Amino acid sequence: MKIIAGNWKLNGTLHALRHMIDALDKIDTQNTIIICPPYTMLCTDSGRISLGAQDISIHSNGAYTGDVSAQMVADCGATYTLVGHSECRQYHGDTNADVRAKASHAIAAGLTPIICIGETMDEKNAGQTMTVIEQGLGECIPDHAPRFIVAYEPRWAIGAGITPTHDEIAQTHQFIAETLTRMGFAQTPILYGASVNAHNAADIMSIPHVDGVLVGGASLKPDDFIPIITSVK
Ligand code: PEP
């Protein structure tokens, strides 16, 4: 059983989400399916599909115009939230310390945070992939976190149509699993994300310590998303 999460980014409509939920309702799968649409769609009745936010505020409430808190997301019935996505780091300046604070808010509100970590192309070229991963895990995971998911997303591969090699994914996921075990979080699911599609999903999810995938572009349409979900049991 795998976890398949879709990140809709700044895309979609309520109609498109309802269409996706109806289509997903008909497929035969034991996998856990999560969709993270924009906030405006989070209060949708999603049946057996779980909904999550793409980000949450670093604050609980107050004079923070435009923010949405973890509690508000939970109030809608959503059960997950991404934190630390590459685009939030790039465009909103989220640091590892911010991600840790957001993950704590998520947990306090009853959500499961999906903590995203991964290296940029410059960091990869400088041979810093494992250092960035180790630092990300060390700095983003709240102490004694009772539940969370890690999404390893090489930032250079997101939306780029390219992925690391099978061996590179195997090495990074092995390293993440060992690091989490050392930190006392051995049972944490680890997702791979970045340019997953129907052609590479089964191979990527056959790699040890890949417990599922986080999918961006290919999660927007049932015709693209369903083959990813049904590619694994
Ligand atoms: C993402 O946004 O988390 C992502 C993995 O995007 P894509 O699948 O489009 O690379």
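User: In this predicted model, in which helix is Val73 found, and is Val73 buried or exposed?

Analyst: Val73 is found in helix H2, in a model that is predicted. Residues count as buried when their relative accessible area is under 20%. Val73 has a relative accessible area of 2%, and therefore Val73 is buried.

User: Which residues is Val73 in contact with, leaving aside its neighbours within four places in sequence, and what distance separates the C-alpha atoms of Val73 and Leu24?

Analyst: Leaving aside neighbours within four places in sequence, Val73 is in contact with Tyr39, Leu42, Ala53, Ile56, Val68, Ala78, Tyr80 and Leu111. Leu24 lies 49 residues from Val73 along the chain, and the C-alpha atoms of these two residues are separated by 22 Å.

User: Where does Ser57 lie, and with which side chain does the side chain of Ser57 make a polar contact?

Analyst: Ser57 lies in the loop between strand S3 (50–53) and helix H2 (70–75), and with a relative accessible area of 6% this residue is buried. Not counting residues up to four places away in sequence, Ser57 touches Asp67, Val68, Ser69, Lys102 and His105. The polar contact, at 2.6 Å, joins the side chain of Ser57 to the side chain of Asp67.

User: Why does Gln54 count as buried, and which backbone oxygen lies 3.1 Å from a polar atom of its side chain?

Analyst: Gln54 is found in the loop between S3 and H2, and because its relative accessibility is 19%, where buried means under 20%, Gln54 counts as buried. The backbone oxygen of Pro37 lies 3.4 Å from a polar atom of the Gln54 side chain. At 3.1 Å from a polar atom of that side chain lies the backbone oxygen of Cys36.

User: Which residues surround the ligand, and how many of the residues in its shell are nonpolar, polar and charged?

Analyst: The ligand is surrounded by Asn7, Lys9, His85, Glu153, Ile158, Gly159, Ala194, Ser195, Leu214, Val215, Gly216 and Gly217. Sorted by class, the shell holds 4 nonpolar, 6 polar and 2 charged residues.

User: How far from an oxygen atom of the ligand are the polar side-chain atoms of Asn7 and Glu153, and what percentage of the ligand's accessible area does the protein cover?

Analyst: A polar side-chain atom of Asn7 lies 3.2 Å from an oxygen atom of the ligand, while for a polar side-chain atom of Glu153 the distance to a ligand oxygen is 2.7 Å. The backbone also takes part, since a polar backbone atom of Gly216 is 2.8 Å from an oxygen atom of the ligand. On its own the ligand has 290 Å² of accessible area, and the share of this that the protein covers is 95%.

User: Where does His209 lie, what is its phi, and is His209 buried or partly exposed?

Analyst: His209 lies in the loop between H8 and strand S8 (212–215). Its phi is near 70°, which is a positive value in a residue other than glycine. With a relative accessible area of 36%, His209 is partly exposed.

User: Which residues of H7 are buried, and which helices and strands do they pack against?

Analyst: In H7 the buried residues are Ile169, Thr172, His173, Phe175, Ile176, Ala177, Thr179 and Leu180. Glu168 also lies in helix H7, but at 29% relative accessibility Glu168 counts as partly exposed. The buried residues of H7 pack against helix H6 (129–140), strand S6 (149–152), strand S7 (190–193) and helix H8 (201–205).

How values were computed:
Residues numbered from 1 in each chain as written. Predicted model: local features only at pLDDT ≥ 70, side-chain atom pairs only at ≥ 80, totals over all residues. Heavy atoms only, no water. Near = heavy atom within 4 Å. Polar contact = N/O pair within 3.5 Å; in protein donor to acceptor, adjacent residues only side chain to side chain. Areas by Shrake-Rupley, 256 points an atom, 1.4 Å probe, with all protein chains shown as cover. Nonpolar A, V, L, I, M, F, W, Y, C, P; charged D, E, K, R; others polar. Helix = DSSP H or I, 4+ residues; strand = E, 2+ residues; numbered from the N terminus. Buried < 20%, exposed > 50% of the residue type's maximum accessible area, 1.4 Å probe, protein only. Contact = heavy atoms within 4.5 Å.
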